[in-house]
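Biologist: Please take one part of this model, the contact surfaces, and go through it closely. Keep it brisk.

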Amino acid sequence: MKNSDMLMHIKGKSVFIDDIRDIANIHHGVIFTSPVPKGIIKKLDVKKAEQADGVAAVFTYKDVPGENQIGHIIQDQPLLAEDSVNFVGDPIALVVAETRRQADNALKLIEIEIEELEPVSDPREAYGKGELLVPPRLMCFGETDEVWDKCETIVEGTAESGAQEHFYLETQGALSLPIEDGKVKVFASSQAPGGFQHTIAEVLGVPMHLVEIDIKRLGGAFGGKESCATWAALSAMAAKILDVPVKVVLNRKEDIQNSPKRHPYITDYKLGLDSEGKILAYEVMLYQNSGAYADISLPVLERSFLHAVSSYKIPNAKIRTAACRTNIVPNGAFRGFGVPQSVFAIESAIFKAAEVLGLHPSELQKKNLIHEADPFPYGMAAENCNAEKCWNSLDSKYNIENRIEYVKEYNEKNVLTKKGIAVQPVCFGVSFTQTALNQAGALVHIYTDGSLSVSTGAVEMGQGVNLKIAQIAAEELSVDLKRIKVETTNTTRVANASPTAASTGADLNGMAAKMACSELLKRLKKVAAEIFSVKREKIEIRDETVYAGGRETDITWEKLVNTAYWEKTDLSCHAFYATPLLKFDRDKEWGRPFAYHAYGTSLIEVTLDCIKGTYKIDSVDLVHDVGNSINEELDEGQIEGAVVQALGWSTIENMVFDEKGNMLTSTNSYKVPDIKFLPEKFNVHFLENAPNPYAVSNSKAVGEPPLIHGCGAYFAILNALTAVRKDKEMPSLPLTPEKAFMYIYEKE
Amino acid sequence: MISCIVNNKTVETGVNPGISVLEFVREELNLTGTKEGCKEGECGACTVLVGELHENGTVKYKACASCLLPLGEIDGRHIVTVEGLDSSLLRPVQKAVFNNNASQCGFCTPGIVLSLTGFLLTSESFGFNDALDALDGNICRCTGYASIRKAAEELSIIFKDKKGSVEKENRVEQLIDWEVLPEYFRSIGGRLENMIYSPSNISMFNENKVLIAGGTDLLVQKPEGLLAEDLVFASKLDSIELKQIKEANEYLHIGGAVTVEQLRKSEIIHKYFPSLENDLLLVSSTVMRNCATVAGNIVNASPIGDITIILLALNTRLILRKDHSRREVMLDKFYKGYKLMDIGGGEIIEKIVIPLPDETSLFNFEKVSNRKYLDIASCNSAVSIKTDNKTVQEITVSVGGVAPVPLLQNEVGKFLKGKNISTENLIEAGKILTSKISPIDDIRGTAEYKKLLTRQLLYSHFVKLFPDKIKYEEVAG
């Protein structure tokens, strides 16, 4: 089933924020931001900017009508800086002018004096100085301290991973319109209609009903548009005060500099195994580089915390986390949400143990896979566990052992190039770890001609959630998909929506839509039952035809709807869904934070050029668990896209900061995968016969889990590098061509 | 005043010729299908087709990044945005994208559609690799490209098949018949012919003006600065020689307005330097190479410019012209310091002259960058050698990224000249090379990395050119 949005995309007719042109007198806002990582503002003079051509106003924190605050988990982030700045890019003032060029020109006239303070960019250093968002968390499972003595092999080390830029093609932005009665309508490129509405209402000092958020589609998001409301809030504020429409759309340079990234982590690990290669104990400390403000760092870290053991059964584990406040850009959500960093830590430990034991890491990986009923360190038992099924399915298709043997033989014969191969198991918990967020509403209207309009809290960002919801609704009512229009995501139709995040968009909103349709179906069946004087249970609707007592009737869907209308039936229905069974006690770090887990296994092979240190990813073969797919074409696209993003994170996506926290990377030096980076062989398979009882239509979430496969690229390259030499420490991630080269050529 | 055709509409405008075509179509014409993704030629979301009238009345099209295309460049030309494909029916390119789910969020999609249309307009054979090359400047962050690659493959198969049955000489006419392009394309040639626009004469250029030779770097470095300048566009100068690649008197002559893609596709280049067709794929992307010029790369004076490094190794000289006077300067003497050149106000590079190789000549280019394609090199190097396959008779080695200017390594050349081609001599040459260079730490790599990498690139030249004469274990790992 194809996503019909594509028909607009290919004609260039899809409208994104910056494409909205049918509104008169749109003004343009540009943000003046901090040029230094940390400092005290001594003087700010915006007079010249105010007087520049076309400028309508220059706003500072003094102009914020309500709360000058956009922090939503910890209230620590001013919308516009007051007396201090804490990262390069910290917003200080907003210039609004008739054209973007005029606003840019005026921006240059702002004068500022800042007394620079000593910044921190390293999370370990921040930890040492006590710069933490909240006290560290600790989860103890089993008797970790006692079992080290029983371990045959113990490895220790540090795994360090870098920041990742989302590089969604549509940059951050919003267009706000003042409408009568003090209301502001905001068209935002946002994953979080409810959250943004709340923040903006506070900033404006008005009740939430005076802020309407409307979201048609996002040009990609990947978590990057989930939490930080700065740009939407500034556009709303300017529109409200100036009483004109105001657009704030970042250019790429501003977006890279100022928007949240995937968090860099430093992790210290210790892993102990018995003589059979079974993991007995794992201890890990995760230092998260949270950046200057809390943003959504704590939920990200919580997910890292809960995924510390990844796909493995570990009887004794001690997991510690610290959210370290530094002076780089506040980091936030990015597809995977803290899981890739945790996976990287434990896979590094396993790789190191395998090196010590002279094995390929896959031997240890396989031996320690989590099985049915095995407990995760937070108490929940693996249920419908597909870890081994995925492994075996991949093995039956690609013969993992043979492939590893082939690489070994290749490396014995070749000097100029070496191959490397890695297996990457996936186990990803699905649900917001903030349990209450696992709720969704849907509003379904049936019009008198039989067409339907469906509104939910889900945001379409290319993942095809609207199509999945339409499919669910069509199936529930047994009507043609063409009858269903999934509307924009709008806070006046569905209130208090959770962000479309944590891979739950279709799970939650699809279920709410299904429930609304189910209720409408009941009402329609009642009408049909009256027509045929049978009990409601005897009525069925199949392919838009009413069946009474199993017999086809001449009542079509359209006729039934029309009759229902004249019978004064309510043809609109709102439904509400909250994921059942979820419970998590943060005091005990114990409970069931996830509805279920999604699994997978992949095999990645690379070739390393030993003269130049460059490498090529030759193949990615994977089996992934999507439950009963609602839409195989969409799910395949999600898997491919997620995997390639993680291939980038593991290899070439290199975001560099200097020791002060200045970002050295810019538009032309941040490289995401291009079409030629794509491995020549890329085979995606769904795990067969794996229905999931815990989500709508027995499906599974697919947004984030498959991203984990791509982490294997790091270990495949490392596998090739260790065929050249073995006396080096593991490089940090991303394993860029430079690091691969230095691994080969740097003297120890 | 600028006159052009945008899609099916003749447009005259007095807008500043220094703004980008992207800004023009979006802000002035409200054609919002063309997206701004980065404004630095890094993403391809703004890709448009540019059609230029040729002497026989046909129109030749190429895909360009409109964010780095100054409006002045399209005076007298045809611009095609996604809207210009005419959405009354789905074109084969659009169908291929749809059939293969090669679009998710949709923001990059118009660019993909136009790059693939560009592929059908320019590829001789409709080969799959040509289709991939055509997409080398289009970033998609959603799909992971697997579906886009399938769409490219589908198109390649369909059109190879069609080509087998019948093909018109005029590609545009052929593509109209095949419904790749709408009917109105038939009228474009005639309309461009009748269009009154202002061609430039080389004598119009003087020290008070700024010459745009492609502009793909200038529009990144100082887009706003150009708005205040009096611009002359190299591609619009009425000298045919400027746009030609010719062979004469043992020399290759490359005109000052020749684009990088033109060089890459030149039959003369294929004849004398066959490896360059692939090497030049490492230079930026199709949508940039279609606009960027060889001379522009030279005067950009980047210490890491790929083309400069290639030309240095080929003992290139430049013909500089001011009004009617000309002078010659060897390329390695052209650079005086970081971004400082031996070129005066009002002077232009009229020609780039390369001695033709003979049967004893070998050439090789090496580049390492973080991402293999569409990335700036950490280090690059080229070598040209005359040899009897035993000894080095003549050798020129150039390296980039290790000094403020692109460099020739004369000491390395001096050492190797007359010597046997052997691992020992190569390693010795590597030592000399590393002692002569002084790279710095920057975003493209640490000094230590670049130093060692440069040596490895020298090794790589010899491993490629003389695979039987070098002991691999001595130079790799």
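Modeller: Domain 1 and domain 2 of chain A bury about 2300 Å² between them, and carbon and sulfur atoms give 60% of that area. Buried area is the accessible area (1.4 Å probe) that two parts lose on being put together, summed over both. This is a predicted model: local features need pLDDT of at least 70, side-chain atom pairs count only at pLDDT 80 or more, totals for chains, interfaces and linings use all residues, and side-chain values use heavy atoms, with hydrogens and water left out. Residues are numbered from 1 along each chain as its sequence is written, while chains are lettered from A and ligands numbered from 1 in the order in which they are written.

Start with the bounds. Chain A has domain 1 (24–118 + 166–258), domain 2 (265–433 + 587–745) and domain 3 (439–578). These bounds come from an automatic or database domain assignment. The C-alpha centres of domain 1 and domain 2 of chain A are 36 Å apart. Their contact (heavy atoms within 4.5 Å) takes 26 residues from domain 1 of chain A and 27 residues from domain 2 of chain A.

Next, the pairs. The rule finds one salt bridge across the interface of domain 1 and domain 2 of chain A. A salt bridge is a side-chain nitrogen of Lys or Arg within 4 Å of a carboxyl oxygen of Asp or Glu. Arg325(A) and Asp76(A) meet in a salt bridge, at 3.0 Å from N to O. Eight residue pairs, both at pLDDT 80 or more, are in polar contact across the interface of these two domains of chain A. A polar contact is a pair of N or O atoms within 3.5 Å; within protein, one must be able to donate a hydrogen and the other to accept it, and residues adjacent in sequence count only if both atoms are side-chain atoms. The side of domain 1 of chain A that touches domain 2 of chain A has 11 nonpolar, nine polar and six charged residues. Here Ala, Val, Leu, Ile, Met, Phe, Trp, Tyr, Cys and Pro count as nonpolar, Asp, Glu, Lys and Arg as charged, and the others, Gly among them, as polar.

Now chain A against chain B. The area buried between the chains is about 6500 Å², 59% of it from carbon and sulfur atoms. In chain A, Ile10(A), Leu169(A) and Ile675(A) lose the most area to chain B, together 12% of what that side buries. The contact takes 73 residues from chain A and 80 residues from chain B. The count between the chains is 12 salt bridges. Lys671(A) forms a salt bridge with Asp375(B), with the closest N and O atoms 3.8 Å apart. There are also 37 residue pairs in polar contact between chain A and chain B, both at pLDDT 80 or more. Helix 1 (5–9), helix 17 (632–650) and helix 19 (737–745) of chain A are the elements that give two or more residues to the side of chain A that touches chain B. Helices (H or I, at least four residues) and strands (E, at least two) are DSSP runs, numbered from the N terminus. Helix 17 of chain A gives the largest share of that side, eight residues. The side of chain A that touches chain B divides into 32 nonpolar, 20 polar and 21 charged residues.

Last, chain B. Chain B is divided into domain 1 (1–198), domain 2 (199–356) and domain 3 (359–477). The C-alpha centres of domain 1 and domain 2 of chain B lie 25 Å apart. In contact are 30 residues of domain 1 of chain B and 24 residues of domain 2 of chain B. These two domains of chain B bury about 2100 Å² between them, 57% of it on carbon and sulfur atoms. In domain 1 of chain B, Leu68(B), Glu73(B) and Asp136(B) lose the most area to domain 2 of chain B, together 24% of what that side buries. The count between domain 1 and domain 2 of chain B is one salt bridge. Asp136(B) meets Arg289(B) in a salt bridge, at 3.2 Å from N to O. The rule finds 11 residue pairs in polar contact across the interface of domain 1 and domain 2 of chain B, both at pLDDT 80 or more. Strand 3 (47–53), strand 4 (59–65) and helix 4 (128–134) of chain B each supply at least two residues of the side of domain 1 of chain B that touches domain 2 of chain B. Strand 4 of chain B gives the most to that side, with four residues.
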